[in-house]
Structures are given as structure tokens and as C-alpha cells.
Amino acid sequence: MTLATIFYAIGFPLLGIILGLLYKGIDRKISARMTSRIGPPIRQPFWDVGKLLIKETVVPENAVAWIFNVMPIVALASSMTLLLYIPFGIIKAPLEGYGDLVVILYLLTLQALAMAIGGFSAGSPFASVGAQREMILMMSYEMPLAIVITGFALIYKSFSLSTIALTPVWTLVGPVGWIGLLLLLAALLIVTPAELAKLPFDIAEAETEIAEGLLSEYSGRNLALFYLSDAVRSFAMVALEVALFFPFTFSQVFGLQFSEPVSYIIEGLWFLAKVLILYILAVTLVRTSFARFRIEQASRLFWTYVNIMALLGLILVALEVM
């Protein structure tokens, strides 16, 4: 294990918080500009977290207190652990080989599940409705996400994300496989805002309908932890998509070679630039352009159209592999 990898294992989860909040601020600023508003400053998410951390944490009288207080910690821990499975530029993931894509799928589910359990434990009708919606939505979008991961496992004969990121998948398949990969990419891009609970899939919170839903009873430190978890998971989810579909390094694209210390910096910045571009395309543009779906509309979308798209992509990838 290199010194860079050790530093990554210790420092990147903390760096992931900073990057998650930064990208959240950029997302809000761009969304505001798209709707002819000035919008909050990019540093606003940092202020929001700071203010929440110093506010009183209130536990509802009817809540199951220990579950109510533990679930924000579980959500943040799962999101930060997720970062340790994602290669950052040319630096391998510290937890490479320990389950990789399979564990990533579980960690993504765990964060949403923690929020749902926290909502159920709050003892509030708004939170219970939000938690029910979260569970329905989660069961709807997890299947196409699993299909995408299965497609990569068929091509690489491995679940190692570092192995996948080392060789771009587009170079390993022919025309049929390209079509299959494009379908899998489209399915994953549709899943992304749902996985991150962004418009048009923020049905479990729905401020105007159920008063923040499963987060309606959270405040202070607990709400800050959920806020941080959302920011880190948003960054990690898009970084995962970059590692899967767009792992091309700066050196590969521009044909330039650098010494080792410089290459880590350049490839790291290149990776962050790719994440930012995909974040804007997959999250910011989508949530700004669409109104919120009803729960039955979102569930139908995933169980029919997105699942069919992903399955067709998987079949084409399987034909290419065979």
C-alpha cells in the first residue's frame, strides 16, 4: 500500500465532506442561475451545517430515542465508507478487493434505509409517510442499479472497481456492447437523482406536501449529520459513475506524461472536474428541469421503462461477451 493510498484512506472521507458540501453549493448556485435567481453563495452549505451543529437537538416525545439518534450516524458512516471503495484519479481505493461493487450497492442502500428507519422511529405521521415513500422508491430503483453492476461484472469478470477504472469499458466491447453500455449508462443516470433523493424523486421529503417527510422531526446535530450524509453520498454516487463509465485519465486523453507527485495532483483535479461536469448534468439540470413525480409515477417509471432499458442493455452486453 503506497503512502498516497494510506493518506487517501485516512483523509479522503474528511475531504469527501468538504467536496460534498462544495459541490452542493455549486449545484444550488447553478440551479438558481438557470431559473433567473441570484441564489445562495457557494459556501452556504458550510454555513448551514455550522448553524445546525450549534442548535439544540430535539427528540420527539413519541420517538424511539435511541434509534432516532443512531440513524443519522449510520447514514453518515455508510456514505463516508462508500468513498473508500472509489478510486480517486490514479490512486487505488483503500478497500479494494473487499467486496467492491457488491458492498457499494449495500452501502448505497444502507444510507436510504437509515433515513427510512429514522423516519419510522420519529413517531410523526409526516415522517412515517415519508419513510413509506422512501422504502417504495428504494425497492423501485435498486433493481436497475443492480443490473448495471451485473453488466460490468460480466465484462470484467470482477467486482473490483479499481480494475474496472484501470481499463475503460468502452475499449473492451464492440458495436453491440457499445449500445448495451449506452443503455446501462442511461438507466444509471435516471437512477441517480432517485438514489440521491433529488427532484423529481424527492418524494420522501416533499416539503410542500408532507413538511420534509422523514426529516420533519429532525433538528440540530442529527439533522446536520443527515445533511452531511446527503452531500457525501451525492459526491460519491457521481464519482462512482465516473469510475465506471468515464475513467479516462488526463494522460490518456491528452497523451501527456508527468512525474509521480505532479501526476497525482493533475489526475486528482481531472477526476474532480469530471465529477463536477457529470454532477451538473445528472443532478442539477434534472432537478431544475422537472417537477416532483408522484410516488406511483416514479415507481412505474423504474419498474417498467428503466428496468426494461437496463435489462436490454445487460442482454446486449452479455451477447457481446459471449
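Mentor: Ser-36 counts as exposed, because its relative accessibility is 72%, over the 50% cut-off. Keep in mind that we're looking at a predicted model. For background, most residues other than glycine have a negative phi.

Ile-42 is partly exposed, with a relative accessible area of 35%. Together with Leu-15, Ile-18, Leu-22, Phe-46 and Trp-47, Ile-42 makes a nonpolar surface patch of about 490 Å². Helix 1 (3-34) and helix 2 (44-54) each give two or more residues to that patch, and the largest share, 3 residues, comes from helix 1.

Now jump to the loop between helix 7 and helix 8, where Ala-197 sits. Ala-197 isn't a glycine either, yet has a positive phi of about 55°. Ala-197 counts as buried, because its relative accessibility is 17%, under the 20% cut-off. Pro-200 is also in the loop between helix 7 and helix 8 (207-210), and the peptide bond from Leu-199 to Pro-200 is cis, with omega near 5°. In general, most peptide bonds are trans.

As for helix 7 (residues 175-195), its axis comes within 10 Å of the axis of helix 5 (residues 125-156), and the two cross at roughly 145°. Residues making the contact include Leu-137, Tyr-141 and Leu-145 of helix 5, and Leu-184, Leu-188 and Val-191 of helix 7. That crossing of helix 5 past helix 7 is left-handed.

Definitions and conventions: Residues are numbered from 1 along each chain as its sequence is written. This is a predicted model: local features need pLDDT of at least 70, side-chain atom pairs count only at pLDDT 80 or more; totals for chains, interfaces and linings use all residues. Side-chain values use heavy atoms; hydrogens and water are left out. Patches are made of residues with over 30% relative accessible area and no salt bridge: like charges are joined within 9 Å, nonpolar side chains (Val, Leu, Ile, Met, Phe, Trp, Tyr) within 5 Å. Accessible areas come from the Shrake-Rupley method with a 1.4 Å probe; for residues, only the protein chains shown count as cover. A salt bridge is a side-chain nitrogen of Lys or Arg within 4 Å of a carboxyl oxygen of Asp or Glu. Helices (H or I, at least four residues) and strands (E, at least two) are DSSP runs, numbered from the N terminus. Buried means under 20% relative accessible area, exposed over 50%, partly exposed in between (1.4 Å probe, protein chains only). Axes are lines fitted to C-alpha atoms, for helices over the stretch in contact, and angles run from 0 to 180 degrees between N-to-C directions. A crossing is left-handed if the near helix is turned anticlockwise from the far one by less than a right angle, and right-handed if clockwise. Contact means heavy atoms within 4.5 Å.
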